[in-house]
Amino acid sequence: MEYIDILLSANFWAAAIRIATPLIFGVLGALVCERAGVLNLGIEGIFVVGAMCGWMAVWLGAGLWGGILVAALAGAFFGLLHGILTVPLGLSQHVSGLGITMFATSVSYFTYRTALPKVSSPPRIEAFQPLDIPVLSDLPFIGPALFQQTSMTFLALAMVLLVSYVLYRTPLGLAIRAVGDNPSAVEAQGLSVFALRIGAIMAGSALMALGGAFLTMSAFDAFFFGMINGRGWICIALVVFASWRPGKALLGALLFGAFDAFQIRLQNEVGAVIPSQVFLMIPYLLSIVALVLVARKADYPRALLQPYFRGQR
Amino acid sequence: MIRFEPRSNVSSLFAFALPVIAGITALVLAAIPIAAAGGEVFAAYGHIFKGAFGSKFAFSELLARATPLIFTGLAVSVAFRAKLWNIGAEGQLYVGALAAVAVGTGAISAPAYIMIPLIILASMIAGGTLMLVPTLLKTKLGADEVVTTLLLNFVVLLFVQMMLEGPMKDPMGMGWPQSEPMTSAATLPKMFARMRIHWGLVIALVSALIIYIMMKRSVWGFEIRATGENVSAAKHAGIPVTSTFIKVGLISGALAGLAGVSEVAGLKGYLTADISPGFGYTGVVVAMLAGLSPVGVVVAAIFIAAVFVGADSMSRAMGVSSYIADLVVAMSLICVLISNLFVRFKIRFVRPKKTPLVAKGEA
């Protein structure tokens with residue numbers, strides 16, 4: 001009976017949406033890259049960069065939205081690097097992505113340590129606060145669950161709409177989808193495969209960085225080492241689960257958030273009997289299960305992982 | 001514009017020189033962050049070099065650091081050779097260490113000549129079995145092994161924490177989450193008095209030799225290379241691709257498991273949840289620097305270990321954050337990736353043709 005109570009509480013759904021928010025950014029980012037035909041395993045490191053740069057910018061006085069901008073630009077920069085390595089140079093997307101993750105993570109940690117050599121507790125910023133929208137926030141149930149989130153959650157939801165609008169309703173989106181399926185056809189139209197792919201990777205990486213920024217600027221108000229903790233990799237699994245569709249990506253992230261929030265509450269109920277690590281494993285195992293469930297019928301973008309050289313084939 | 005022309009044959013000297021150049025380039029690029037952190041660049045390089053090679057003790061530290069990297073580097077290189085993307089060496093290292101601890105902390109008492117092979121075998125079985133899971137998920141269900149191996153690293157680390165706080169916790173450990181110490185029969189002896197270098201290094205070198213012979217001279221090696229070159233061609237040629245992947249997964253996981261037993265039984269003497277500062281992930285860099293060659297792995301592991309040990313001592317002396325080492329490692333991976341391009345292609349700078357038709361398509 002208690003489990004039903006959990007599912008019916010507004011608190012639970014508020015937590016689910018809060019947990020889902022960085023994943024929404026991350027899955028969307030990975031989706032944009034992969035739709036253009038490039039796997040971006042730099043995601044884990046780009047999350048770190050977004051978290052660190054966004055936080056650092058606010059800490060230096062840029063303001064919260066300034067921090068968002070800085071995080072997005074930093075993400076796009078590492079996206080550009082991944083783009084150059086994998087698109088015109090055609091290097092292994094797996095290895096390059098891992099390289100970007102290592103590079104981005106170590107740059108972030110090094111910068112943080114250099115800027116703040118001796119701090120015992122990480123300095124805090126004035127983070128995004130839950131919105132208080134007149135009328136809506138006061139609605140029963142829906143108010144606290146949905147309308148008392150921070151602006152970044154609404155930004156994430158807006159990004160779902162924006163990405164699906166661009167991908168499905170604009171010529172640019174058509175070109176991006178085509179470049180991930182059949183790059184030579186795009187080339188034949190007189191469009192640049194390189195520019196489309198690099199542009200998509202940069203945009204996708206900027207989105208990923210916002211996922212990281214959410215953690216330091218909304219969920220928490222400080223930067224910690226190791227705070228990303230595999231969230232990026234989870235997004236890579238979820239994007240397959242979402243079969244590369246923005247709407248399903250939102251659904252997947254929310255489902256994941258709900259499972260995770262449920263797991264945390266369950267931990268409080270039966271925590272004494274079962275070690276906490278069992279619960280902490282659940283998100284990772286869940287991602288593996290999600291991946292396995294859809295793996296057989298996954299409809300990968302056809303040119304994913306395949307470098308394109310002009311005049312080939 | 002730039003044109004890539006495929007190279008037909010690569011001189012071995014050239015193929016050997018490129019990763020060296022890549023590593024040096026990464027070291028030189030480190031001057032930028034060192035200077036940005038306010039360190040004196042030349043003095044910093046001096047400290048790095050002295051810290052890694054300056055004394056017998058420093059060199060022993062370096063080899064002790066290189067030992068787990070040889071194992072994880074070999075694990076990654078075998079897997080990548082077959083294009084099985086095992087990024088899970090970190091997790092396989094931990095289950096290997098856990099298995100060694102389970103066997104070697106008093107559960108069985110036997111003389112060293114039985115115990116040592118036993119803990120080694122246990123760690124290999126544990127590492128191999130862990131890697132079997134993503135391999136089977138890949139071959140049977142088509143789930144991408146990159147994601148599954150990466151995610152399993154987190155699961156394994158949590159599992160190790162759970163064991164160290166629960167059933168495998170040392171009751172004499174002052175409350176720290178650590179395992180009981182390995183019995184003296186289940187300890188890899190140190191090679192020299194008062195130095196941390198231990199017989200794990202010899203096991204690592206022997207493993208490299210065995211993998212070298214396997215890849216070069218055996219049918220397995222041939223099958224692994226053929227599968228990596230082109231799966232469908234290999235299938236067509238009658239190579240059992242699925243069982244090759246499984247073999248590769250088992251070998252790769254077992255090698256990473258060896259890194260775990262070597263750290264626990266050779267260096268630390270007991271298991272903690274932070275026994276590896278990312279040796280599994282660094283193994284990817286080692287393998288790439290080595291061009292996936294087993295002998296190259298030994299050289300690359302020593303280079304990366306030198307960066308870590310040298311940077312640590314530089315960091316202590318100059319106050320530049322020790323994350324500089326991770327930065328150099330990451331940059332060497334990116335540099336060696338770029339340098340691979342020069343192995344595969346001749347790069348020609350050609351003037352674009354001035355015909356309007358072609359010019360329109362230029363980017």
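Me: Where in chain A is A:Ser243 found?

Reply: Look in the loop between helix H11 (231–241) and helix H12 (246–270) of chain A. Helices here are DSSP runs of H or I with at least four residues, strands are E runs with at least two, and both are numbered from the N terminus. Bear in mind that this is a predicted model, where local features need pLDDT of at least 70, side-chain atom pairs count only at pLDDT 80 or more, and totals for chains, interfaces and linings use all residues. As for bookkeeping, residues are numbered from 1 along each chain as its sequence is written, chains are lettered from A and ligands numbered from 1 in the order in which they are written, and side-chain values use heavy atoms, with hydrogens and water left out.

Me: Why is A:Ser243 called partly exposed?

Reply: Its relative accessible area is 23%. Buried means under 20%, exposed means over 50%, and partly exposed is in between (1.4 Å probe, protein chains only). A value of 23% falls in between, so A:Ser243 is partly exposed. Its phi is near 40°, a positive value in a residue other than glycine.

Me: What is phi of B:Met174 near, and where is its place?

Reply: Phi of B:Met174 is near 55°, again positive in a residue other than glycine. You'll find B:Met174 in the loop between H7 and H8 of chain B.

Me: What makes B:Met174 count as exposed?

Reply: B:Met174 has 75% relative accessibility. That is over 50%, so B:Met174 counts as exposed.

Me: How do you know that B:Ala82 is buried?

Reply: Its relative accessible area is 0%, which is under 20%, so B:Ala82 is buried. B:Ala82 is in the loop between H4 and helix H5 (89–104) of chain B.

Me: Which residues does B:Ala82 touch?

Reply: Leaving out residues up to four places away in sequence, B:Ala82 touches B:Ile224, B:Thr227, B:Gly228, B:Phe245 and B:Val248. Contact means heavy atoms within 4.5 Å.

Me: Why does A:Ser151 count as buried?

Reply: A:Ser151 has 18% relative accessibility, which is under 20%, so it counts as buried. It lies in helix H7 (residues 151–169) of chain A. Beyond its neighbours within four places in sequence, A:Ser151 is in contact with A:Trp65, A:Phe128 and A:Leu131.

Me: What makes A:Asp181 and A:Arg302 a salt bridge?

Reply: A salt bridge needs a side-chain nitrogen of Lys or Arg within 4 Å of a carboxyl oxygen of Asp or Glu. The closest N and O atoms of A:Asp181 and A:Arg302 are 3.8 Å apart, so the pair qualifies. This pair links distant parts of the chain: A:Asp181 is in helix H8 (residues 171–181) and A:Arg302 is in the segment after helix H13 (276–295), 121 residues apart. A:Asp181 is partly exposed at 34%, while A:Arg302 is exposed at 63%.

Me: How many salt bridges does the structure hold over all chains?

Reply: Six. One of them joins B:Lys138 and B:Glu145 at 3.3 Å, N to O. B:Lys138 is partly exposed at 22%, and B:Glu145 is buried at 2%.

Me: How many helices and strands does chain A have?

Reply: Chain A has 13 helices and zero strands. Its radius of gyration is 20 Å, close to the 20 Å that the globule rule gives for 313 residues, so chain A is as compact as a globular protein of that length. The radius is taken over C-alpha atoms, and the rule is 2.2 Å times the number of residues to the power 0.38. Buried residues make up 56% of the 313.
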